Amino acid sequence: MKEEKILLAHGSGGKLSQKLIEEVMRPAFSNPALDEMHDGAKVTVNGAKLAFTTDSHVVKPLFFAGGDIGKLAVCGTVNDLAMTGAKALYLSAGFIIEEGFPQSDLLRVVDSMRQAAFQANVTIVTGDTKVVEKGAADGIYINTAGVGALIEGVNISPQRACSGQNIILTGSLGDHAVTIMAERHGLTLPVNITSDCAPLNGMIEELLYNVPEIAVLRDPTRGGLATVLNEVASQAQAGIIINEMDIPVNPEVMAVCDMLGYDPLYLANEGKAVIFVESVHTDKALAILKQHVYGRNAKVIGQVTKDPKGQVGLRTLVGGVRLLDMLPGDQLPRIC
Amino acid sequence: MCLAVPAQIIKLQDMLATIEINGVTRQASIMLVPEAKVGDYVLVHAGFAIQLVDQEEAERTMELLKELAQYEDQ
Amino acid sequence: MKISNEEQKRSAEFFVKEIRRLTNRPLRLMEVCGTHTVAIFKSGIRQLLPCEVELISGPGCPVCVTPNDYLDMAIAYSRQKDTIITTFGDMLKVPGSTSSLAAEKAEGRDIRVVYSPLESLDIAAGNLDKKVIFLAVGFETTAPTAAATVLEAERKMLRNFYVLSAHKRVPPALNALCAADDITLDGLLLPGHVSAIIGEQAYAFLSERFSVPAVIAGFEALDILQAVYFLVKQIREGKAAVENQYRRIVKPEGNVAARNILSQVYEEDDAVWRGIGLINFSGLKVNAKYRRFDAEESIPVEVEPTVEPRGCRCGEVLRGVAKPFECSLFGDICRPEQPVGSCMVSVEGACAAWYRYGTGRWQI
């Protein structure tokens with residue numbers, strides 16, 4: 001029997017990532033905070049209720065339309081804290097830099113982190129830098145960890161998804177992934193399509209202060225909307241149905257998907273949130289989201305149902321309903 | 001293994017076309033449809049234009065579908 | 001002119017209603033093309049059709065019908081020194097007898113996913129000290145792109161570019177299916193993009209020899225529904241013609257220029273299809289003139305003995321005689337993240353589509 005190796009697909013956010021977490025990480029680290037399996041952990045320190053999270057960033061290209069690895073590293077962690085129902089406060093930044101990396105690029109990345117932190121109203125309070133030999137890393141990798149204060153009266157948890165709730169998506173899908181992939185695949189995008197990378201904490205905090213009843217918050221990053229919905233359905237043992245007709249995808253993004261054979265439902269986003277809320281609070285939630293630049297196009301895309309438990313269905317444009325499953329690994333450009 | 005998309009040729013240099021869909025552009029070879037001109041719609045597969053799209057037929061199909069959509073109303 | 005979501009839904013309703021009205025007995029219709037299979041599942045068409053209309057996935061998934069020994073050879077080449085394998089993404093995860101290209105890539109072999117075969121030439125030009133082997137898989141839609149790439153390689157005098165051909169031709173396979181005693185089909189949905197190259201005329205034998213109704217179909221959900229409607233109508237009227245729903249792309253004569261390029265580089269050859277076996281003249285191999293581009297002819301390689309997975313019923317699935325869930329491995333031992341048979345590996349495989357889109361394991 002051959003030794004099992006880690007494949008790229010293990011890092012895709014799909015079924016293989018889940019398998020890695022379930023079989024390797026969870027047995028080693030299992031505890032109540034981790035086992036909730038949310039974007040961030042909820043912990044109590046000396047009576048203070050905190051959210052704590054970490055995220056590593058290895059994007060290629062490092063600089064792209066609408067952002068760079070630095071902005072991504074700050075927004076990613078800030079958003080994870082927001083999705084846990086917390087007010088984001090402090091971040092750490094760890095850099096792993098390849099020997100020979102241009103200092104000017106490092107300055108650019110760091111400056112963009114400074115700006116993103118300013119915009120998100122968080123402080124980077126500690127950090128670390130390591131340099132590895134040429135070839136041992138690809139340019140630069142950044143890890144950020146973050147601490148936030150859980151918002152009083154709010155209880156965000158994937159297990160709280162239940163039948164009858166509406167599912168809100170705050171904007172169009174796939175802009176980030178498509179921006180990143182375009183360059184790799186020799187596509188040129190029009191200037192209006194850029195990464196949606198953005199700190200969502202301001203918008204989410206206002207939402208939570210006004211609608212504390214919000215049940216679940218997730219940001220559909222790696223693995224996209226389909227993966228996030230599957231995770232929630234499985235954690236809550238509820239069903240989910242979304243309507244293809246209501247899911248916003250920019251025509252340019254759709255064009256890239258058509259060219260490369262990708263499905264926008266699995267593409268990564270860096271500035272979108274998926275929100276589960278009771279129908280009585282839906283209009284209020286939408287009204288608040290729509291006032292924000294990152295939530296202008298927010299809309300209801302589906303509902304939580306009782307059955308089929310743990311699964312997600314998609315009502316298609318022509319009216320059929322079919323399973324919307326998680327992918328085993330990465331989407332590959334396919335000609336078939 | 002037969003995914004292909006219709007796109008418009010917006011530039012042509014020898015056998016290499018720049019094709020466009022909704023503002024997204026990429027390069028495609030027209031070796032397999034050497035008669036293609038700028039402005040033509042072509043079907044693109046694996047980096048090659050493999051056939052010209054007959055715009056009249058495309059419009060006809062679309063019109064028919066729109067008509068059928070009305071049919072339900074009556 | 002654009003068609004709105006609402007209009008799409010309404011015209012879909014029209015077709016479904018008409019298909020229901022015209023169907024007066026159980027019908028077995030085969031969608032030959034794997035791209036159709038995916039489009040049908042993805043758009044939820046199976047759930048819209050009346051239960052008497054059964055859509056059966058055919059052998060039109062090139063990855064699925066490629067025998068294990070081809071993968072074993074590709075894997076063996078990837079293990080050779082100074083070799084770069086270029087491939088469409090579809091082939092990466094397909095298991096050979098004991099490994100897969102994805103696993104070899106994790107071992108550090110130089111295997112690169114390309115969108116177009118032409119990208120292989122840039123890679124070859126940038127790595128003149130290495131051999132670049134393109135895995136030339138696909139039907140008549142794709143084969144001309146590989147042939148054109150070989151011509152380009154010659155024009156650019158690239159001596160380090162090769163193809164490993166497993167190209168296949170659709171009409172001989174259709175002929176074999178229609179002639180088989182154990183397969184009954186009431187109609188065929190013909191592959192629109194293969195037809196863009198080979199034309200309507202290539203299917204004349206279907207009505208002449210087998211009197212089976214057939215419709216060349218496009219790939220939008222409405223194209224497929226319209227084509228099924230055409231088929232059901234033909235059956236109801238007792239006709240057996242080759243109709244063309246996809247006129248905007250498919251011309252009676254197909255793409256002559258593309259076929260000329262194809263025949264400059266390739267010649268017809270007997271080929272083995274997984275599940276169907278040897279079919280005369282159903283493959284394409286590089287001809288004598290371009291032999292030096294043929295990896296098999298030019299680069300000696302030792303290939304491990306081929307082992308076919310046990311208990312796997314892909315063969316029957318590919319001929320439409322077994323449904324994916326009738327295989328005891330389906331959904332249990334054989335899943336997309338750990339596939340046993342090729343029909344589960346390829347995105348276009350019938351088993352993968354059944355599994356991924358929930359048919360046979362999930363109902364609302």
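Residues are numbered from 1 along each chain as its sequence is written, while chains are lettered from A, and ligands numbered from 1, in the order in which they are written. In this predicted model, local features need pLDDT of at least 70 and side-chain atom pairs count only at pLDDT 80 or more, whereas totals for chains, interfaces and linings use all residues.

**View 1. Overall build of chain A.** The secondary structure of chain A consists of nine helices and 14 strands, where helices (H or I, at least four residues) and strands (E, at least two) are DSSP runs numbered from the N terminus. Along the principal axes, the C-alpha trace of chain A spans about 55 × 55 × 50 Å. Of its 336 residues, 52% count as buried, a residue being buried if 20 or more other C-beta atoms lie within 10 Å of its own, exposed if 12 or fewer, and partly exposed in between, with C-beta atoms placed from the backbone. Among the contacts in chain A between residues at least 6 apart in sequence, 84% join residues at least 24 apart; two residues are in contact if their C-beta atoms, placed from the backbone, lie within 7 Å.

View 2. Chain A is divided into domain 1 (31–150) and domain 2 (158–323), with bounds that come from an automatic or database domain assignment. The centres of domain 1 and domain 2 of chain A, taken over C-alpha atoms, are separated by 23 Å, and the contact takes 24 residues from domain 1 and 21 residues from domain 2. On the side of domain 1 that touches domain 2, the elements giving two or more residues are α3 (69–83), β5 (86–98) and α4 (103–120) of chain A, and α3(A) gives the most, with nine residues. By class, this side of domain 1 has 14 nonpolar, seven polar and three charged residues, where Ala, Val, Leu, Ile, Met, Phe, Trp, Tyr, Cys and Pro count as nonpolar, Asp, Glu, Lys and Arg as charged, and the others, Gly among them, as polar.

View 3. Helix α9 (residues 279–290) of chain A has twelve residues and reaches 17 Å from its first C-alpha to its last, close to the expected 16 Å at 1.5 Å a residue, the expected span being 1.5 Å times one less than the number of residues. A:A285, A:L286 and A:L289 are buried in α9(A). Seen down the axis of α9(A), the buried residues fall within an arc of 100°, so they line one face of the helix; the arc is that of the directions from the helix axis to the C-beta atoms. These buried residues pack against β8 (166–169), α6 (201–210) and β11 (274–277) of chain A, whereas the face turned away from the buried side carries the exposed residues A:V280, A:D283 and A:A287.

**View 4. Overall build of chain B.** Chain B has one helix and five strands, which follow the pattern β-β-β-β-β-α along the sequence. The radius of gyration of chain B is 15 Å, well over the 11 Å that the globule rule gives for 74 residues, so chain B is more spread out than a compact globule. Taken along the principal axes, the C-alpha atoms of chain B fill a box of roughly 50 × 25 × 20 Å. Of the 74 residues of chain B, 46% count as buried, and residues 24 or more positions apart account for 28% of the contacts in chain B with a separation of 6 or more.

**View 5. Chain B against chains A and C.** In chain B, 13 residues are in contact with 16 residues of chain A, and strand β3 (residues 24–29) of chain B gives the most to this side, with four residues. In chain B, 29 residues are in contact with 39 residues of chain C, and the largest share of that side, ten residues, comes from α1(B).

Key. The radius of gyration is taken over C-alpha atoms; the globule rule is 2.2 Å times the number of residues to the power 0.38.
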